[in-house]
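I'm opening my notebook on a new structure today. I'll jot down what I look up as I go.

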Amino acid sequence: MKHIFRGLSAKPLPFDYQIRRSQRAKKTRIVVTGAKIEVVAPPQVAERKIHDFVYAQRDWISAAVEKMQRHRQGIAKLAPASYGDGAKIPFKGDYFPLIIKPSALRRIKIEFAEENGFIAHSPDSTVAGHSELIRVALIKWMKEQARAEGHRYIKLHADKHRLTPRSLRIKTQKSRWGSCGVNNDINLNWLLIIAPPSVMEYVVVHELCHIRHRNHSRDFWELVADHLPDYRQRRGWLKQHGQSLMLGL
């Protein structure tokens, strides 16, 4: 939704932004990422005050957006430029070749074997024009794999400290790797399936520990460490490679 400042001068803003209410927020703050501008505010702050705050910070926001765009242009993308025969597909921290095979199927079917890589069974023997269809099919397949792996890591860690989520949802997110809702619903970014498995495991454990601690206190990190003593190395991978990962397939 596009929010327009409606103060005395009713001047429009040159950008869109979203408002997110947070019980944990003590004051209104602005978060600028490559995908969006988000204003995080406590529930009691009036929407008009939020708009006024954004308008007052408009120059800083515009500069931050420009800086982020310049930075993103220098980030290396993990995905191939196109999805033709022989393309290298990132998956679980490695790259695997893509083989396209003609098929009598009506839709593209993705198969994977670690020794051979990805096979896209295409309903047409010609590759031209199928790059986007194959990309979409790969994303759907990877979301299914992310769901399966997420459940596996939850099963592996949940019982240790009775950190049982109500549900697991796989989402497409542009700025977050995971979240834990107020009802203990865990959301995971499907792009984690592209990262090394240890990284996805870390994010799952991170969100499970938020069931006990709704913050990043010392107790929270001690609980994470009890599950994963090497969590700092796993978190470090995300800090180093996360922006490339966020560019997706």
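Over which residues does pLDDT stay under 50? I checked, and the stretch is residues 1-10. The model has 18 contacts for those residues beyond four places in sequence. I have to remember that this is a predicted model. For the protein chain as a whole, I noted an average pLDDT of 88, with 90% of the residues scoring at least 70.

I found Ser-179 in strand S9, which covers residues 178-180. Is Ser-179 buried or exposed? I looked up its relative accessibility and got 10%. Buried means under 20%, so Ser-179 counts as buried. Then I listed what Ser-179 touches, leaving out residues up to four places away in sequence: Asp-185, Ile-186, Asn-187 and Glu-207.

Last entry: a pair of helices. I've learned that two packed helices are described by the angle between their axes and the distance between the axes. I took helix H3 (residues 131-157) and helix H4 (residues 197-209) and found that their axes come within 9 Å. The two axes cross at roughly 60°, which makes H3 oblique to H4. I also wrote down the handedness: H3 passes H4 in a right-handed crossing.

Which residues meet there? From H3 I have Ala-146, Glu-149, Gly-150, Tyr-153, Ile-154, Leu-156 and His-157. Facing them from H4 are Pro-197, Met-200, Glu-201, Val-204, Val-205 and Leu-208. I sorted the residues of this H3 and H4 contact into 9 nonpolar, 2 polar and 2 charged.

Methods. Residues are numbered from 1 along each chain as its sequence is written. This is a predicted model: local features need pLDDT of at least 70, side-chain atom pairs count only at pLDDT 80 or more; totals for chains, interfaces and linings use all residues. Side-chain values use heavy atoms; hydrogens and water are left out. pLDDT is the predictor's confidence in each residue, from 0 to 100. Contact means heavy atoms within 4.5 Å. Helices (H or I, at least four residues) and strands (E, at least two) are DSSP runs, numbered from the N terminus. Buried means under 20% relative accessible area, exposed over 50%, partly exposed in between (1.4 Å probe, protein chains only). Axes are lines fitted to C-alpha atoms, for helices over the stretch in contact, and angles run from 0 to 180 degrees between N-to-C directions. Angles under 35 degrees count as roughly parallel, over 145 as roughly antiparallel, 65 to 115 as roughly perpendicular and the rest as oblique. A crossing is left-handed if the near helix is turned anticlockwise from the far one by less than a right angle, and right-handed if clockwise. Ala, Val, Leu, Ile, Met, Phe, Trp, Tyr, Cys and Pro count as nonpolar, Asp, Glu, Lys and Arg as charged, and the others, Gly among them, as polar.
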